[in-house]
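Have the sequence and the model open as you read.

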Amino acid sequence: MSRISRIEIDDSNLPPPTPEIEQERRVAMFDLIEENTFALPKRDDRDVPEGPYQLELAIRDKRLVFDLATDAGTKAAEFHLSLSPFRQVVKDYWQICESYFDAVKNMPPSQIETIDMARRGIHNEGARILAERLESKANVDHDTARRLFTLICVLHFGG
């Protein structure tokens, strides 16, 4: 399968991220570039450029925008997703992240682990929703969906 070779986040209209959010973003971007599966499905009505792809992720007009080009700079695809299906899971994710960030400072490892398990569960749910929303637009594996969901959370936080 193809992959994402570069990712840019258009956060120009967002408030500056907190240090924790910036760290989440850096880790997700690094992990995503290191290992991901991302392919555009074949279309009957047009040719689909093969990857690797460069992705710009943004929120425009209250929609999540995936803008893809090949490494050679050829436009590959652009699709817009409604943010509505993500709102609750993003809210839940940031609430559990805040609890996790606080726990790391003050709680014993067993309580941190419990909160982290809940955080992973919510993260998996967000990845599942994203994979469903991308179903006819892009093929992604679970880990790629998780990392992209983290980046959506970063964008949604400021949006």
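## Cysteines and salt bridges

C97 counts as buried, because its relative accessibility is 0%. Buried means under 20% relative accessible area, exposed means over 50%, and partly exposed lies in between (1.4 Å probe, protein chains only). This is a predicted model: local features need pLDDT of at least 70, side-chain atom pairs count only at pLDDT 80 or more, and totals for chains, interfaces and linings use all residues. Residues are numbered from 1 along each chain as its sequence is written, and side-chain values use heavy atoms, without hydrogens and water.

C153 is also buried, at 0% relative accessible area. Its sulfur lies 7.3 Å from the closest cysteine sulfur, in C97, which is too far for a bond. A disulfide is a pair of cysteine sulfur atoms within 2.5 Å. The whole structure has zero disulfides.

Salt bridges number eleven. Each pairs a side-chain nitrogen of Lys or Arg with a carboxyl oxygen of Asp or Glu within 4 Å.

| D116 and R119 | 3.3 Å | three residues |

Helix α3 spans residues 109–134. Helices (H or I, at least four residues) and strands (E, at least two) are DSSP runs, numbered from the N terminus.

D116 is buried at 17% relative accessibility, and R119 is buried at 15%. R128 is partly exposed at 37%. Salt bridges with shared partners join E24, D116, R119 and R120 into one network.
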